[in-house]
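Subject: Structure for you to look at

Hello,

Here is the structure I said I would pass on. Please open it beside this email and follow along.

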Amino acid sequence: QNMNNNSTQAERRGWILAGLGYATIVNLAGLILVIKDKRLAVAFAKNRIPESSFHWNALLGGWPGSLAAMIIQRHKTRKNTFRIPYYIASLINLSVVTLLYTRRK
């Protein structure tokens, strides 16, 4: 029984580390998207990052990183046609994560 308990703890640790790794990557990607798009906007570049990229990043869990970058960079914070879908995607992600977490207990 002790051996089974150790393997369960090791499996749990593995899932936690995988989740932390995923969260780190997706949030860094969101942060980089915002910073890069802000630089393109300042340079009046024609080929900006599509807004759907930000929405997908938020849906996949990168909303904390991209939201922090948006606030710090003062980028994409006023346009409601962007913000509303972005916040909806963020809320969907948060709801799914909460549902998955509470079902495991």
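Below are notes on the core, the aromatic rings and the pocket.

This is a predicted model, in which local features need pLDDT of at least 70 and side-chain atom pairs count only at pLDDT 80 or more, while totals for chains, interfaces and linings use all residues. Residues are numbered from 1 along each chain as its sequence is written, and side-chain values use heavy atoms, with hydrogens and water left out.

The core

The largest nonpolar core has nine residues: Val34, Ile49, Phe54, Ala58, Ala69, Met70, Phe82, Tyr86 and Ala89. A nonpolar core here is a set of buried Ala, Val, Leu, Ile, Met, Phe, Trp, Tyr and Cys residues joined through side-chain atoms within 4.5 Å. Buried means under 20% relative accessible area, exposed over 50%, and partly exposed in between (1.4 Å probe, protein chains only). Helices are DSSP runs of H or I with at least four residues, numbered from the N terminus.

The rings

Rings of Phe, Tyr and Trp (its six-membered ring) pair if their centres lie within 6.5 Å; planes under 30 degrees apart count as stacked, over 60 as edge-to-face and the rest as tilted. By this rule there are three aromatic pairs. Phe54 and Phe82 form an edge-to-face pair, because their centres are 5.7 Å apart and their planes are at 90°. This pair links distant parts of the chain, since Phe54 lies in helix α2 and Phe82 in helix α3, 28 residues apart. Phe54 is buried at 1% relative accessibility, and Phe82 is buried with a relative accessible area of 1%.

Tyr86 and Tyr87 are also edge-to-face, with centres 5.7 Å apart and planes at 65°. Tyr86 is buried at 1%, whereas Tyr87 is partly exposed at 37%. Ring pairs join Phe54, Phe82, Tyr86 and Tyr87 into a cluster.

The largest pocket has a volume of about 700 Å³. It is lined by 21 residues, and those closest to its centre are Trp15, Gly19, Val97, Leu100 and Tyr101. A pocket is an open set of points on a 1 Å grid over the protein atoms alone, where a 1.4 Å probe fits, with protein on both sides within 12 Å along at least five of seven lines; lining residues have an atom within 4 Å of a point. Grid points are joined across faces, edges and corners, and the volume is the space filled by probe spheres set on the points. α1 gives the most to the lining, with nine residues.

Regards

Conventions: Helices (H or I, at least four residues) and strands (E, at least two) are DSSP runs, numbered from the N terminus.
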